[in-house]
Amino acid sequence: MWLLDVRAVLDREKDIQEVDVEIEVLKKLDDEGTSYAILSHRWGAEVDYGEMTGLPAMEARKREVIKRRDGYQKIIRSCKQAEKDGYSWLWIDTCCINKDSSAELSEAINSMYRWYRNAQRCYVYLSDVDASAFPTEQDFSKFGKSNGWPVWFSRGWTLQELIAPKEVEFFNKNWVSIGTKQELTSTLEEITRIPSKVLRDGQVLSTEPWRRPCVAQVMSWAADRTTSRVEDRAYSLLGLFDVNIPLLYGEGSKAFQRLQLEIIRVSSDHSIFAWN
């Protein structure tokens, strides 16, 4: 996996015009043997792999346009938080996947649950939360388009990003910490319908069949979540069911059918037949 070198990113940010254009801000490392933090967030105006690696060599005006994006500031603030917490490496999906490579994109999506699980800490950035405390009650005046809760909870990919990591810390739009997964378990259970035992230990999904939630129950956690692409409704669930399938963007709803077939192939859990 590609990981951001936290110190290199922050050093480059201090005076990008004087930094060696050959400086590496991304390095390929093994998720099993590296201590790293990871970001979970809702996408907006982001900075991709090519822009992040090529920033110093860009014409000054183009570089400033990129640096003004919310996504760039998100990278910088995440790096600052990682450094504060003692982590030298950070993974962010927007800039740590070279999406020009179909092989790399496929590897990333099929490995993503494991990458979140192996992270020492996951930062959840809630860009629509102004308050200095985590919202504990539905507020349709603030979050009317996402069932009264921050929009992060309505996105498909963030389901595995909540369950997989051992340590999860939530931040408001100003990067003020507003609680951890352990501290907020009861509220998170109310919002997501995910049982507290799963929130406290996502490893329960990998245990013996008689201990883990049934397939239909896991599917129900994702039922009201949305993704930008139809296929991602299926691809975002791969890690939760511990299965792998090839990515075929453009296949539409057939991706979900392939996911179901793969679950049936590896599992004796017949509750999947109750799920449409």
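Ile264 lies in helix α12, which covers residues 254-266; helices (H or I, at least four residues) and strands (E, at least two) are DSSP runs, numbered from the N terminus. The model is predicted: local features need pLDDT of at least 70, side-chain atom pairs count only at pLDDT 80 or more, and totals for chains, interfaces and linings use all residues. Residues are numbered from 1 along each chain as its sequence is written, and side-chain values use heavy atoms, with hydrogens and water left out.

Ile264 has a relative accessible area of 35%, so it counts as partly exposed. Buried means under 20% relative accessible area, exposed over 50%, and partly exposed in between (1.4 Å probe, protein chains only). Together with Leu261 and Phe273, Ile264 makes a nonpolar surface patch of about 320 Å². Patches are made of residues with over 30% relative accessible area and no salt bridge; like charges are joined within 9 Å, and nonpolar side chains (Val, Leu, Ile, Met, Phe, Trp, Tyr) within 5 Å.

Next come the charged side chains. The structure holds 13 salt bridges, a salt bridge being a side-chain nitrogen of Lys or Arg within 4 Å of a carboxyl oxygen of Asp or Glu. One of them joins Glu13 to Lys67, with the closest N and O atoms 3.7 Å apart. This pair links distant parts of the chain, since Glu13 is in helix α1 (residues 6-14) and Lys67 in helix α3 (residues 60-67), 54 residues apart. Glu13 is partly exposed at 23% relative accessible area, whereas Lys67, at 14%, counts as buried.

Another salt bridge is formed by Lys74 and Glu46, whose closest N and O atoms are 2.8 Å apart. Lys74 lies in helix α4 (residues 70-84) and Glu46 in the loop between β3 (37-41) and α2 (49-54), so the pair ties together parts that are 28 residues apart in sequence. Both Lys74 and Glu46 are buried. Salt bridges also link Arg7, Asp11, Lys14 and Glu83 in a network.

Now consider the chain as a whole. It has twelve helices and seven strands. Its radius of gyration is 19 Å, close to the 19 Å that the globule rule gives for 276 residues, so the chain is as compact as a globular protein of that length. The radius is taken over C-alpha atoms, and the rule is 2.2 Å times the number of residues to the power 0.38. Buried residues make up 54% of the 276 residues.

Technical notes: Accessible areas come from the Shrake-Rupley method with a 1.4 Å probe; for residues, only the protein chains shown count as cover.
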